[in-house]
Amino acid sequence: MSRECYHCRQWIGPGELHDCWTTTESALTRGLSEDLMDAWERLRETASEFGEQRIYASHKSIMFSRKACYFFVRPKKKVLEVWFFLGRKLESPMVRKTMQSSTAKRAHLVHVTHRDQVEAPLTDWLREAFDISDKLTGRRTKKPVPKVAQKKRVR
């Protein structure tokens with residue numbers, strides 16, 4: 001009996017293998033306009049120069065991570081959605097949306113439509129996200145709870 005995938009809405013035949021979460025960069029960027037493809041290539045090249053990291057495709061995004069993701073790109077038909085994580089809130093007309101993503105991180109959304117937009121201040125913010133990602137991702141240590149003095153039983 002055929003079924004519809006909950007995530008991608010694709011119909012899957014009986015016994016047919018399906019993994020809509022596994023994808024590739026080329027699959028996600030296929031069909032982008034020339035301007036968006038140029039912008040994507042410049043974004044990837046710029047981020048690659050920051051240092052050692054893992055770049056991989058996941059579902060509908062291309063992730064850039066050290067220990068954890070510090071930014072990701074969602075290629076859309078008319079725009080590249082660039083989400084990056086900082087420990088502070090940015091106030092800039094370029095930032096379309098900001099949201100608290102954890103106790104230490106704020107996610108920021110910037111739309112990129114052309115290669116010329118992949119320059120400062122966006123590249124500075126991405127570099128900052130790269131530089132502080134391990135610090136923001138590190139597990140916080142809780143203050144030690146003082147042990148209650150145990151009373152000795154007197155016999």
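This is a predicted model: local features need pLDDT of at least 70, side-chain atom pairs count only at pLDDT 80 or more; totals for chains, interfaces and linings use all residues.
**View 1. The aromatic pair Y70 and F71 is edge-to-face.** F71 is buried, because its relative accessible area of 0% falls under the 20% limit, and Y70 is likewise buried, with a relative accessible area of 0%. The ring centres of Y70 and F71 are 5.3 Å apart and their planes stand at 65°, so the pair is edge-to-face. Y70 and F71 also belong to one aromatic cluster, which includes W40, F64 and F130.

**View 2. F84 and W125 form a stacked aromatic pair.** The centres of the two rings are 5.8 Å apart, with 20° between the planes. The pair links distant parts of the chain, since F84 lies in strand β6 and W125 in helix α3, 41 residues apart. F84 is buried at 0% relative accessibility, and W125 is buried with a relative accessible area of 9%.

**View 3. Q53 occupies the loop between α2 (34-48) and β3 (54-58).** With a relative accessible area of 19%, Q53 is buried. The side chain of Q53 reaches the backbone oxygen of A47 at 2.5 Å and makes a polar contact with the side chain of Y70 at 2.7 Å. Beyond its neighbours within four places in sequence, Q53 has contacts that include S48, F64, S65 and F130.

**View 4. The largest nonpolar core has 29 residues.** Within this core, F64, F71, L80 and F84 touch the most other members, and the elements that each supply at least two of its residues include α2, β5, β6 and α3. A second, separate core of seven residues includes M63, F72, W83 and L109.

Methods. Residues are numbered from 1 along each chain as its sequence is written. Side-chain values use heavy atoms; hydrogens and water are left out. Helices (H or I, at least four residues) and strands (E, at least two) are DSSP runs, numbered from the N terminus. Buried means under 20% relative accessible area, exposed over 50%, partly exposed in between (1.4 Å probe, protein chains only). A polar contact is a pair of N or O atoms within 3.5 Å; within protein, one must be able to donate a hydrogen and the other to accept it, and residues adjacent in sequence count only if both atoms are side-chain atoms. Contact means heavy atoms within 4.5 Å. A nonpolar core is a set of buried Ala, Val, Leu, Ile, Met, Phe, Trp, Tyr and Cys residues joined through side-chain atoms within 4.5 Å. Rings of Phe, Tyr and Trp (its six-membered ring) pair if their centres lie within 6.5 Å; planes under 30 degrees apart count as stacked, over 60 as edge-to-face and the rest as tilted.
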